[in-house]
Amino acid sequence: MRMIKFEHVGKRYLKKVALKDINLELKPGKIVGLIGENGSGKSTTLKLIAGLIQPTSGVVTVNGRRVTRRISEHVAYLSELDEFYGFFTVGEMIAFFASQYPDFNREKAEEIRRFMKLAPDSKIKNLSKGNRGRLKIVLTLAREVPVVLMDEPLSGLDPMVRDAIVKGLISFIDLERQIVLITTHEIKEVETILDEVLLIKGGEIIGHKNVEELRDRENLGLVEWMTKVYAGDCPPTV
Amino acid sequence: MTDFDSATPIYLQLAERIQRQIVRGDLKPGEKLPSVRDMGVQSGVNPNTVQRTYRELEAMGIVETRRGQGTFVSENPEVLQTLRESLKRAEISRFVEGMKAMGFSDAEIIAGLKDHLTEAEGRYEDD
């Protein structure tokens, strides 16, 4: 059983505490949203799972294995930043990723590229911001890995691109085998595709819910729930 | 496209949408529903949620899943008649609750409804 697990995980950057004593278990077959204000620890959480940073205390495991930099064999990580080679074309970038990751599925990449309406011969430096966002989705979802992490995949993109990305997620994620974690401020936009949500504040997880149960039991949508918990009106359940 | 209200589970809202499509005849008895993933993309919903919607409709006997073939609208006329009846009741009770909440009496509601139907005659299609 593949799973992401945090046991008493803390992370400090010099004097700044980014995460405090996080305990968390996530099961496969789900799309999980990480929400919370800027600087609350969302990206730090993803980077710990991706093995890009190490915890100051505690243990992070993926699939029972302690996370190190080598976890990238099992984890696809979509960064908030653009880190492409501008002189590559879209097709060359896909070929480059295929050469870097043995789990990269070229056929699937082509399928997603067509879905995202990206021309293979466009130079990356000439792509709009929206098309770079689309390309990142192609490169991330073409990897057949158990864990997919997406840091702010919708941020700063226009509504049409956001819609294409959300639809792309629904079309190309393999929920039989994968778990997907998404950090976002665009809560309304992802609400209908999330199974679970984690609410982070000041480096602590102050809520962990199944999104449908939240509607069922408390008659609350995500935005209302987040507002309520942030304001301290309702007891957080972790 | 993704107009779901935030107080009710999405799988139930999607189930209701499909039921209305069946009653309206947009989905015919025996017709195949879109695959879970296609329905997910069309309605902007997580495939797990669509799966749950289909399971729910199946438990109600409104659709049936044929192994390896997909999910189909039931061809059982009784089931469809019951569905028609229950959607009617649900819609009426929603309307009546709203009217009562505003303080209208039964007689006023009935008279108002009759007037409305007479005035609107021909405006709604009969089939």
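**Exercise 1. In what order do the six strands of the open sheet in chain A stand, and what is their pairing?**

Before we start, a word on the model: it is predicted, so local features need pLDDT of at least 70, side-chain atom pairs count only at pLDDT 80 or more, and totals for chains, interfaces and linings use all residues. Residues are numbered from 1 along each chain as its sequence is written, while chains are lettered from A and ligands numbered from 1 in the order in which they are written.

*Solution.* Step 1: settle the terms. Helices (H or I, at least four residues) and strands (E, at least two) are DSSP runs numbered from the N terminus, and two strands pair if DSSP finds at least two bridges between them.

Step 1: read the order. The six strands run E6-E7-E8-E3-E9-E10 in chain A, and the pairing is mixed.

Step 2: find the edges. Strand E6 (75-78) and strand E10 (204-210) of chain A each pair on one side only. From one strand to the next, the twist averages 15°; axes here are lines fitted to C-alpha atoms, for helices over the stretch in contact, and angles run from 0 to 180 degrees between N-to-C directions.

Step 3: look at one pair. Strand E3 (residues 31-35) and strand E8 (residues 179-183) of chain A are parallel, with four bridges. Within this pair, Ile31(A) faces Val180(A) of E8(A).

**Exercise 2. Describe the other sheet of chain A, the open one of four strands.**

*Solution.* Step 1: write down the order. It is E2-E1-E4-E5 in chain A, with antiparallel pairing. The edges are E2 and strand E5 (65-66) of chain A, each of which pairs on one side only.

Step 1: go through the pairs. Strand E1 (residues 4-13) and strand E2 (residues 16-26) of chain A run antiparallel and are joined by seven bridges; Arg12(A) has Val17(A) as its bridge partner in E2(A). On to the next pair: E1(A) and strand E4 (residues 57-62) of chain A are antiparallel over five bridges, and Ile4(A) is partnered by Val62(A) in E4(A).

Step 2: inspect the turn. E1(A) and E2(A) form a hairpin with two residues between them, and Leu14(A) in the turn has a positive phi of about 50°.

**Exercise 3. Which strands does helix H1 (residues 42-50) of chain A lie across?**

*Solution.* Two residues are in contact if their C-beta atoms, placed from the backbone, lie within 7 Å.

Step 1: take the six strands. Here H1 of chain A lies across E3, E6, strand E7 (147-151), E8 and strand E9 (196-201) of chain A, at about 150° to E7(A). Helix H8 (residues 222-231) of chain A packs on this sheet too, touching E3, E9 and E10 of chain A, and its direction makes about 30° with that of E9(A).

Step 2: take the four strands. H1(A) also lies across E1, E2 and E4 of chain A, running at about 120° to E1(A).

**Exercise 4. Is Glu152(A) buried or exposed?**

*Solution.* Step 1: recall the cut-offs. A residue is buried if 20 or more other C-beta atoms lie within 10 Å of its own, exposed if 12 or fewer, and partly exposed in between, with C-beta atoms placed from the backbone.

Step 1: apply them. Glu152(A) is buried, because 20 other C-beta atoms lie within 10 Å. Its place is the loop between E7 and helix H5 (159-172) of chain A, and its phi is near 50°, a positive value in a residue other than glycine.

Step 2: Asp21(A) has 14 C-beta neighbours inside 10 Å, so it counts as partly exposed.

**Exercise 5. Work out which elements of chain B touch chain A.**

*Solution.* Step 1: count the residues. In chain B, 17 residues are in contact with 17 residues of chain A.

Step 1: name the elements. Helix H1 (10-24), helix H2 (36-43) and helix H3 (47-59) of chain B each give two or more residues to this side.

Step 2: sort by class. This side of chain B has eight nonpolar, eight polar and one charged residues; Ala, Val, Leu, Ile, Met, Phe, Trp, Tyr, Cys and Pro count as nonpolar, Asp, Glu, Lys and Arg as charged, and the others, Gly among them, as polar.
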